[in-house]
Amino acid sequence: MNKKIEKVSGTIAALATARGASGIAVTRVSGLKAKEIYREITKKNPEHMIAKHTVFYGEGETRIDSGIALFFKGPDSYTGEDVIELSSHGSSAVIEMLLERIYSLGGREAEPGEFTKRAYLNDKMDLTQAEAVADLIESVSARTAAAASRSLVGEFSDRVNDTSAAVSEVRALVEATLDFSDQDLEETKHPNHLLQKTKEAKNSLKILIEQTRTGIRLRNGIVMAIVGKPNVGKSSLFNRICGSERAIVSSEAGTTRDIISENITVDGFPIRILDTAGVRDSQNQIEQEGVKRAIEASESADIVLEVIDSREWCQKNTEDKNVLILNKADLLTEKLKIEAHKAFLLSAKTGDGIDKLLDHIAGLFMDEDSCSSSITARKRHLKSIKDAYRKFCSAEKGIKGGEALDLVAQELLEAQNSLAEITGEFTTEDLLEEIFKSFCIGK
Ligand code: GDP
């Protein structure tokens, strides 16, 4: 069932490149009047994918600028409609005049993400690909950009569609059993075949959940909090990892009160790193608040770097998501035996041991194998896949328990519909609004 909402109206225009003075700026136009606008502005005939060096004319013979005009004949364009791209000099005055001219010729200002929304509505891409356009534009790390590119060319959609096909196969078997239960049909003679296919589809859903979780981490980054007692070297470690003197380092305990955060990339992975107040009992109200925030940060972080002074270490292990840091290694007078413990001996002061820690953190994101095939994903994708998984598990229970097969078939259909929400095959206007409003104008 295709529930795309058809709401394409007017010829839209916007600056496609970033605002501000630049060497070149690209103004994009899409819609029925694009061809006509091209003719009026360039006084030339548009030809599909032929770049023409031209004057951009205002009203009559007035000249706005000169540059390159490109025409894409729909459906062979980004939006699927006739599109023109005018590369002019990147002056805000020139852009303003060009856009005004386009509006006077029947164009209107594009809404945020409207070019990509049209591409989606005209079947040039599905919803996950449209979202990947935004992910790619916003990506700040090489890994995220590579993953967004994979989603953009449809790798994530393919995985969702493959999983949906596996669920569909189970549903077809269940429905065949329903329709032909009194006949000697091949499938109905082999319940083992149904069980095998059920197992395969469930496995496919489980893998998809894991890949989506990784995709969300790659898109959003992870949060890593540095915690520990006062004066163990948390701020020094924070600065060392950020590569700048962002946090105040002092031998006086209780200097960091509020949480300091910085966005960094480690081996191409996006991370938000937090320096927190030293955890200790204090009578000072501000420090108490700092300690409270530190505890909250460590509870909600994906990774916690638990820093202790290596001279005070007593062979303790730590919680699962915590990485134990034994700092001030340069002050040790005798060697520590830490092999059996999940701990990193380092010196935030000299930098010794930091690289090993960073390698370990990058490895926590994913292994090298899954790295080369990772995609970007969003929470809404995970929610839909989890919904599909829940419905599928309920159907599986029905199949194994011999429940009414029409109910089982219905649950399998609902599982498929949940998956179809991801690619936008089955969607609502509200969801589209939500997705495209986060885009910039011109995308
Ligand atoms: P925080 O209170 O845990 O954030 O600790 P700071 O980073 O402010 O450091 C407290 C004191 O320990 C400062 O005087 C730092 O210079 C010192 N310090 C931090 N890390 C090291 C280290 O690895 N070696 C040595 N020798 N001193 C360190």
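# Reading salt bridges, rings and cores

Colleague: I'm looking at Arg108 and Glu114, whose side chains form a salt bridge at 2.7 Å, N to O. How many salt bridges does the structure hold?

Modeller: First, this is a predicted model, in which local features need pLDDT of at least 70, side-chain atom pairs count only at pLDDT 80 or more, and totals for chains, interfaces and linings use all residues. Residues are numbered from 1 along each chain as its sequence is written, and side-chain values use heavy atoms, with hydrogens and water left out. A salt bridge here is a side-chain nitrogen of Lys or Arg within 4 Å of a carboxyl oxygen of Asp or Glu, and the structure holds 22 of them.

Colleague: On to rings. How many aromatic pairs are there?

Modeller: A pair of aromatic rings is described by the distance of the centres and the angle of the planes. Rings of Phe, Tyr and Trp (its six-membered ring) pair if their centres lie within 6.5 Å; planes under 30 degrees apart are stacked, over 60 edge-to-face, and the rest tilted. The whole structure has two such pairs. Tyr38 and Phe71 are edge-to-face, with 6.2 Å between centres and 65 degrees between planes. Tyr38 is in helix 1 (residues 34–42) and Phe71 in strand 4 (residues 63–72), 33 residues apart. Tyr120 and Phe436 sit at 6.5 Å and 35 degrees, so that pair is tilted. Tyr120 belongs to helix 3 and Phe436 to helix 14, 316 residues apart.

Colleague: What else is buried in helix 14?

Modeller: In helix 14 (residues 429–436), Leu432 and Ile435 are buried along with Phe436. Those residues cover an arc of only 85 degrees around the axis (taken from the directions from the helix axis to the C-beta atoms), which puts them on the same side of helix 14.

Colleague: And cores: which element supplies the largest share of the largest one?

Modeller: In soluble globular proteins, nonpolar side chains tend to be buried together. A nonpolar core is a set of buried Ala, Val, Leu, Ile, Met, Phe, Trp, Tyr and Cys residues joined through side-chain atoms within 4.5 Å. The largest here has 30 residues, and Leu237, Ile241, Leu305, Ile325 and Leu357 have the most contacts inside it. Helix 10 gives the largest share of this core, six residues. Leaving aside neighbours within four places in sequence, Leu357 is in contact (heavy atoms within 4.5 Å) with residues including Val323, Phe344 and Leu346. A second, separate core of 27 residues includes Phe156, Ala201, Ile375 and Leu412.

Notes:
Buried means under 20% relative accessible area, exposed over 50%, partly exposed in between (1.4 Å probe, protein chains only). Helices (H or I, at least four residues) and strands (E, at least two) are DSSP runs, numbered from the N terminus.
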